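This briefing concerns the protein shown below. Please keep the sequence and the model at hand while reading.

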Amino acid sequence: MLHAQTTGRRMFPLALALILVSAPVGGLRAEDPAEARPPLPPVSERARAVHAAGMLFDGHNDFPWLMRTQNDLGMTKSDFAQHVDGQTDVPRLREGGLKAQFWSVYIPSEQPHPTKTVVEQIDFVNRLVEKYPDDLQLALTADDVEKAVKAGKIASLIGIEGGVAIDDSFAELRAFYKLGARYMTMTHNKTLAWADAATGERQHGGLSEFGERVVAEMNRLGMLVDISHVSAETMEDVLRVSKAPVIASHSSAFALCPVPRNVPDPILAGLKTNGGVVMVNFYSAFLVPDANKNARAAKDAIRKAHPDDKAARDKAIAEWYENEPGTIRGTVATVVDHIDHIVKVAGIDHVGIGSDFDGIDSWPVGLDDVSAYPRITEELLRRGYSEPDVHKILGGNALRALREAETVAKQLQATTAPQVDDIKHVRKNDDD
Ligand SMILES: [Zn+2]
């Protein structure tokens, strides 16, 4: 889920609606078809073959929250097996060759009853898997992922986005593990009582002592610690405390796009010893410096040109977005630049894909939805990555991190006791 630089969220439905109604002609001046961007060439056969032989494992997709915002947790309005107005549905997942997905169970930091919301979102993922058994299969372990892929199903895992979920309770953390959660993003955009967020106040200088215990308990359970959304100091603390590989389920490289949501080089270097994986986010604002600022400026100019005609304005903005060459939105090459950088600093074993599809309102040219993943493979091959290295990036690294976290958990369960909540509010009966 996005929005490092904006406090609001979910501009996505509007942005997508604009794109969907846009005609593929015109630039800032809609009457000039010469400004239309030519269509991208089809993905080569070799890239398709390499892609299909790999195991694309995406770290973050916000489809469950999209269904919530559309008030369709019952999935009666759209058919996932046919078409959903968004970036994700079965036909496009199959076209994109997705093999495994961490479905994001997101809770806004300010959501009342966060625990109830998490349960509802986890329930949604479980029902989604049950409703589409020909295409989806629940996965709770790395072995489960491989079994699902072997059976031709999309391995479906659950990742909680926002430590607000656990209500400062180890019991709730364990309950969510039992409900199937296999990662937890420590914060969303707001700082919690035990962890500083990248875009929140600096309260603890990283993790509090309780936050360190949360990491320890997640290690003991075998739940991956996700450092997307946390401050650089929190990332540092997590790397210091965690005994298992950590992930950034949907973050890009700070050195190429300096926003607080991205992962700085010293942390990338630290992942080498930790064994962790940064899964690159496709959100334009995390890929291209000043993407949001420049998009706003372009849209403001269009708004000024159509002060009184909303329909014309919306159409022109949609056409601008559609034909923007990638200077602002980024391109497939921009995503691979981030992958390259992470490979350079952290190594080939520490990078993956975490699209953030259905949670972003701007994405690179050519990566419109989940059908487009093979374009990444094509660009990686073009740059000289070997097939085994492409496969590591697509999902091998993520699967290895999950498996290692399971091994560490087994060791810890044999040697350490669970973290137990300190119940401060036990009511005493005065008559006793
Ligand atoms: Zn997010």
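Which residues point one way from strand 8, and which the other way? From strand 8 (residues 277-280), Val277 and Met279 point one way and Val278 and Val280 the other way, and all are buried. A residue is called buried if 20 or more other C-beta atoms lie within 10 Å of its own, exposed if 12 or fewer, and partly exposed in between, with C-beta atoms placed from the backbone.

The model is predicted: local features need pLDDT of at least 70, side-chain atom pairs count only at pLDDT 80 or more, and totals for chains, interfaces and linings use all residues. Residues are numbered from 1 along each chain as its sequence is written.

**Confidence and overall make-up**

- The protein averages a pLDDT (the predictor's confidence in each residue, from 0 to 100) of 91, and 90% of the residues score at least 70.
- Over residues 3-34 the pLDDT is below 50, and this stretch has 54 contacts in the model beyond near neighbours in sequence. Two residues are in contact if their C-beta atoms, placed from the backbone, lie within 7 Å.
- The protein contains 16 helices and nine strands. Helices (H or I, at least four residues) and strands (E, at least two) are DSSP runs, numbered from the N terminus.
- Of the 432 residues in the protein, 52% are buried.
- Among the contacts with a separation of 6 or more, 76% link residues 24 or more positions apart.

**Strand pairing**

- Strand 8 pairs with strand 7 (residues 247-248) in the parallel sense over two bridges; strands count as paired if DSSP finds at least two bridges between them. Val278 in strand 8 has Ala248 opposite.
- Strand 8 also pairs in the parallel sense with strand 9 (residues 351-353), over three bridges. Here Met279 has Gly352 as its bridge partner.
- Strand 7, helix 10 and strand 8 form a right-handed β-α-β unit. A crossover is right-handed if, with the strands pointing away from the viewer, the path from the first strand over the helix to the second runs clockwise.
- Strand 1 (residues 56-61) has six of its six residues buried. Strand 1 runs parallel to strand 2 (residues 98-106), joined by four bridges, and Asp58 stands opposite Gln101 in strand 2.

**Gly352 in strand 9**

- Gly352, a residue of strand 9, is buried, with 29 other C-beta atoms within 10 Å.
- Leaving aside neighbours within four places in sequence, Gly352 is in contact with residues including Phe57, Gly59, Val277, Met279 and Ile393.
- Gly352 and Val278 lie 74 residues apart in sequence, yet their C-alpha atoms are 5.9 Å apart in space.

**Helix 5**

- The 18 residues of helix 5 (residues 114-131) should span 26 Å at 1.5 Å a residue, and its end C-alpha atoms are 25 Å apart, which agrees. The expected span is 1.5 Å times one less than the number of residues.
- The buried residues of helix 5 are Thr117, Val118, Gln121, Ile122, Phe124, Val125, Leu128 and Val129. They cover an arc of only 145° around the axis, so they lie on the same side of helix 5; the arc is that of the directions from the helix axis to the C-beta atoms.
- Lys116 and Glu130 are exposed on the other side of helix 5.
- The buried residues of helix 5 pack against helix 3 (63-69), strand 2, strand 3 (136-138), strand 4, helix 7 and strand 5 (181-185).

- In helix 2 (residues 45-53), the buried residues are Ala47, Val50 and His51. Seen down the axis of helix 2, they fall within an arc of 100°, so they line one face of the helix.
- These buried residues of helix 2 pack against helix 15 (374-382) and helix 16 (387-415).
- In helix 9 (residues 232-241), Thr234, Met235, Asp237, Val238 and Leu239 are buried. Their cover includes helix 8 (209-221), strand 6 (224-226) and helix 10 (265-274).

**Positive phi angles**

- Asp168 has a positive phi of about 55° although it is not a glycine. Asp168 sits in the loop between strand 4 (154-161) and helix 7 (170-178) and is partly exposed, with 15 other C-beta atoms within 10 Å.
- Asp358, also not a glycine, has a positive phi of about 65°. Asp358 lies in the loop between strand 9 and helix 15 and counts as buried, with 25 C-beta neighbours inside 10 Å.
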